[in-house]
Amino acid sequence: MSAATTRSRTPDRLCAEAVDLARGAAEEAAAPGVVGEHVGLVSEGDRVVTHFFECRELGYRGWRWAVTVARASRAKVVTLDEVVLLPGPDAVLAPEWVPWSERLRPGDMGPGDLLPTDAEDLRLEPGYTGEDAPPPNSAVSEEMAELVEAEDVEVTEGPSPNLPAAPSRGSIAAVADELGMRRARVLSRYGLHTAADRWEEAYGAKTPMAQAAPAACLSCGFLMPIGGSLGQAFGVCANEFSPADGRVVSLTYGCGGHSEAAVMPKTPRPAPPVIDETRVDPFPLRPSPDSGSVPPAPDEESAELGHS
């Protein structure tokens with residue numbers, strides 16, 4: 001260890017005693033009453049010392065005012081170097097800055113928000129746009145040129161209603177339209193795999209709902225199939241009472257809303273009435289004479305009051 005190194009670790013006496021000078025500089029940079037007690041010093045080198053003062057300003061708990069003083073060689077006057085506010089060992093610091101592209105989470109976008117996509121996004125790859133060739137029904141397309149040559153007519157630039165339309169079925173542009181690839185970029189293989197992994201994790205066979213389900217979505221009547229290669233492993237749930245309604249679900253997913261999980265029993269119907277057609281019960285058209293409350297009279301003329 002050299003002598004210079006040994007001297008740099010030992011605080012200079014005059015610089016170490018310049019506490020009042022350092023406090024005055026800190027209060028001038030901050031405000032009176034904000035600078036607290038002297039909490040220590042450290043030697044920065046030969047005749048260079050940094051004094052630390054407690055910071056009492058709200059929102060800066062654990063921070064310290066650092067005032068650096070210095071003295072020239074063989075000089076007895078200590079001069080001010082700099083005053084800064086530095087975090088201490090227990091200071092409250094802001095979290096490390098993270099780019100927005102790494103902070104974004106599913107569901108963060110709202111109405112009116114725009115999410116730019118990187119030109120080198122691994123989830124996308126160039127699609128077939130057909131911009132390098134004219135449309136198949138164009139007057140200057142290769143198909144139309146062959147038709148013109150066969151019929152010996154003239155071709156003019158620009159659209160014309162009098163030109164016959166060549167059939168575009170089977171052309172590259174028609175196939176691209178059918179496959180949905182006439183876009184600037186389409187989903188790459190990497191983007192396809194990441195989407196499938198994300199959907200499998202949210203609505204797959206390993207979820208608690210699927211583990212307790214009576215059957216898988218593969219045999220459910222509410223499953224709507226989708227096209228493309230994803231249709232071999234996923235579908236869309238169309239059961240409004242299912243937790244996955246309107247979601248892309250794995251064919252191995254399941255829930256209690258399976259169409260064949262429990263068939264509702266039919267409402268019991270009362271038994272039809274039993275009619276005995278072999279027995280006849282006579283019903284008189286007129287009541288019997290002894291059915292009234294007044295005993296019958298033998299003769300109406302001999303009756304005192306009579307009755308009807």
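Biologist: Which residues of helix α3 are buried?
Modeller: In helix α3 (residues 19-29), the buried residues are Ala 22, Ala 25 and Ala 26. They sit on the same side of α3, because they cover an arc of only 100° around the axis. That arc is taken over the directions from the helix axis to the C-beta atoms.

Biologist: What are your cut-offs for buried and exposed?
Modeller: Buried is under 20% relative accessible area, exposed is over 50%, and partly exposed is in between, with a 1.4 Å probe and protein chains only. Helices are DSSP runs of H or I with at least four residues, strands are E runs of at least two, and both are numbered from the N terminus.

Biologist: Where does this model come from?
Modeller: This is a predicted model, where local features need pLDDT of at least 70, side-chain atom pairs count only at pLDDT 80 or more, and totals for chains, interfaces and linings use all residues. Residues are numbered from 1 along each chain as its sequence is written, and side-chain values use heavy atoms, with hydrogens and water left out.

Biologist: Back to α3. Which residues are exposed on the other side?
Modeller: Asp 20 and Glu 28.

Biologist: And what do the buried residues of α3 pack against?
Modeller: Four strands: β1 (35-45), β2 (48-55), β3 (63-71) and β4 (78-87). Contact here means heavy atoms within 4.5 Å. α3 lies across these strands and runs at about 115° to β1. Axes are lines fitted to C-alpha atoms, for helices over the stretch in contact, and angles run from 0 to 180 degrees between N-to-C directions.

Biologist: In what order do those four strands form the sheet?
Modeller: The order is β1-β2-β3-β4, in an open sheet with antiparallel pairing. β1 and β4 are the edge strands, each pairing on one side only. The twist averages 25° from one strand to the next. Two strands count as paired if DSSP finds at least two bridges between them.

Biologist: How many bridges join β2 to β3?
Modeller: Seven, and the two strands run antiparallel. Phe 52 stands opposite Ala 66 in β3.

Biologist: How many join β1 to β2?
Modeller: Seven bridges there, again with antiparallel strands. Gly 45 has Val 48 in β2 as its bridge partner.

Biologist: What about the hairpin of β1 and β2, how many residues are between the strands?
Modeller: Two residues. Arg 47 takes a positive phi near 60° in that hairpin.

Biologist: Other sheet. Which strands form the sheet with β8?
Modeller: Three strands form an open sheet, in the order β7-β8-β9, with antiparallel pairing. Its edge strands are β7 (223-225) and β9 (248-250), each pairing on one side only. The twist averages 50° from one strand to the next.

Biologist: How many bridges do β8 and β9 have?
Modeller: Strand β8 (residues 234-237) pairs with β9 over three bridges, in the antiparallel sense. Gly 235 has Val 249 in β9 as its bridge partner.

Biologist: Switching to charges. How many salt bridges does the structure hold?
Modeller: Three. The cut-off is a side-chain nitrogen of Lys or Arg within 4 Å of a carboxyl oxygen of Asp or Glu.

Biologist: What is the N to O distance for Arg 71 and Asp 12?
Modeller: Their side chains meet at 2.7 Å, N to O. Arg 71 lies in strand β3 and Asp 12 in the loop between α1 (3-9) and α2 (13-16), so the pair ties together parts that are 59 residues apart in sequence.

Biologist: Is that pair buried or exposed, starting with Arg 71?
Modeller: Arg 71 counts as buried, at 17% relative accessibility. Asp 12 is buried too, with a relative accessible area of 13%.

Biologist: Which residue does Glu 17 form a salt bridge with?
Modeller: Arg 13, with the closest N and O atoms 3.6 Å apart. Both Glu 17 and Arg 13 are exposed.

Biologist: And Glu 37, which partner?
Modeller: Arg 56, with the closest N and O atoms 3.8 Å apart. This pair links distant parts of the chain, with Glu 37 in strand β1 and Arg 56 in the loop between β2 and β3, 19 residues apart. Glu 37 is partly exposed, with a relative accessible area of 48%. Arg 56 also counts as partly exposed, at 45% relative accessibility.

Biologist: Last one. What does the secondary structure of the chain come to?
Modeller: Eight helices and nine strands. The chain has 308 residues, and buried residues make up 22% of them.
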